[in-house]
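Here is a short tour of a protein model. Look over the sequence and the fold before reading on.

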Amino acid sequence: MEGSVRCSANYVPLTPISFIERSAWVYGERTSIIYGSTMYTWRETHDRCRRLASSLAQMGVSRGDVVAALAPNIPAMYELHFGVPMAGAILCTLNTRHDPNMVSNLLSHSEAKFLFVDYQFLEIARGALRLLSQTKPKIPLLVLILENGERTTSINNILEYESLLKTGHTDFEIRRPSDECDPISLNYTSGTTSRPKGVIYSHRGAFLNSLSTIIINELAQCLCTCGLFQCSTATGGASLGALPPKVAQTSVLETSLQVPSLITSAFTR
């Protein structure tokens, strides 16, 4: 007896993108992120991620392109974990403790098309791009993430994150993976014992890993003390949208002693 033919009626590729879509649909008016004076609902977070994906697509990002990020646990970093895959691209989160030389090497190896950088690490990013320009004819486009409420006045010719989002559209058609084994993120080891080694996670792997983290540990409340760049889509950003049914979520991003941490709270209805 032959098996059934795979089609849209019996198969949908697993992807963490569905987590945030469900959160926006079921808990649209619930708080998703609090960061200083900034607060978003799940619907707003979903819309911002979709705008980001739209903006990246308008800037020429195609399926399989790599988008790098050098940032701590801030709202933009969370949005990149969903917005980049929504554009069909691969997210590469870089260790914020690396120096310009190491960042340059990783940008070269990953062939990143964009580099999103938090203002605290702008000089590291600039140094990395200067080194990269010596060996590569084309370097990643830099997008600067400013502190909430700030506007760039003295930094010229640099694209700013919020300005980029304004060019996007919330009705952007999400580029879902055609195969659940398509890559969603490219991670590198910290390089403490040797040169960093790269690991590719798939949409399927990130989806299942996120669910298993919550189910096995019976999570109702989660405190993630490591940076999102250390866990990326596999167990970080994606897990925050994957809590079980009948659970509302609130993500709180805060900075303590200049070491950002991500707190996710879940409450039964």
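## Ground rules

This is a predicted model: local features need pLDDT of at least 70, side-chain atom pairs count only at pLDDT 80 or more, and totals for chains, interfaces and linings use all residues. Residues are numbered from 1 along each chain as its sequence is written, and side-chain values use heavy atoms, with hydrogens and water left out.

## The whole chain

The protein chain holds eight helices and 12 strands. These are DSSP runs (helices: H or I, at least four residues; strands: E, at least two), numbered from the N terminus. Of its 269 residues, 51% count as buried. Buried means under 20% relative accessible area, exposed means over 50%, and partly exposed lies in between (1.4 Å probe, protein chains only). Contact means heavy atoms within 4.5 Å. Take the contacts between residues at least 6 apart in sequence: 71% of them join residues at least 24 apart.

In soluble globular proteins, nonpolar side chains tend to be buried together. A nonpolar core here is a set of buried Ala, Val, Leu, Ile, Met, Phe, Trp, Tyr and Cys residues joined through side-chain atoms within 4.5 Å. The largest one has 38 residues, and Leu52, Leu56, Phe116 and Tyr161 touch the most other members. Helix H3 (residues 75-86) gives the most to this core, with seven residues. A second, separate core has 25 residues, including Ala112, Ala125, Ala128 and Leu142.

Tyr161 deserves a look of its own. Leaving aside neighbours within four places in sequence, Tyr161 is in contact with Arg48, Leu52, Ala76, Glu79, Phe116, Val143, Leu144 and Ile145.

## Two helix pairs

Two packed helices are described by the angle between their axes and the distance between the axes. Axes are lines fitted to C-alpha atoms, for helices over the stretch in contact, and angles run from 0 to 180 degrees between N-to-C directions.

| Pair | Angle | Axis distance |
|---|---|---|
| H2 and H3 | about 50° | 8 Å apart |
| H4 and H5 | roughly 60° | within 8 Å |

Angles under 35 degrees count as roughly parallel, over 145 as roughly antiparallel, 65 to 115 as roughly perpendicular and the rest as oblique. H2 and H3 pack at an angle of about 50°, and that makes H2 oblique to H3. H4 and H5 are oblique to each other too.

A crossing is left-handed if the near helix is turned anticlockwise from the far one by less than a right angle, and right-handed if clockwise. H2 and H3 cross in the right-handed sense. The crossing of H4 and H5 is right-handed.

What meets in the H4 and H5 contact? From H4 come Pro100, Asn101, Val103, Ser104, Leu107 and Ser108; from H5 come Ile124, Gly127, Ala128, Leu129, Leu131 and Leu132. These residues divide into eight nonpolar, four polar and no charged. Ala, Val, Leu, Ile, Met, Phe, Trp, Tyr, Cys and Pro count as nonpolar, Asp, Glu, Lys and Arg as charged, and the others, Gly among them, as polar.

## Around H4

Helix H4 spans residues 100-110, and its buried residues are Met102, Val103, Ser104, Leu106, Leu107 and Ser110. They pack against strands E3 (66-70), E4 (90-93), E5 (112-118) and E8 (183-188), and against helix H5 (122-133).

Glu111 follows H4, in the loop between H4 and E5. Most residues other than glycine have a negative phi. Glu111 has a positive phi of about 60° although it is not a glycine. Glu111 is exposed, with a relative accessible area of 57%.

Tyr188 sits in strand E8 and is buried, at 14% relative accessible area. Beyond residues up to four places away in sequence, Tyr188 touches Cys92, Leu106, His109, Ser110, Pro196, Lys197 and Gly198.

Helix H2 covers residues 42-58. Setting aside neighbours within four places in sequence, Ser54 contacts Gly168, His169 and Phe172.

Arg43 is partly exposed, with a relative accessible area of 35%. Not counting residues up to four places away in sequence, Arg43 touches Ala24, Gly28 and Glu29.
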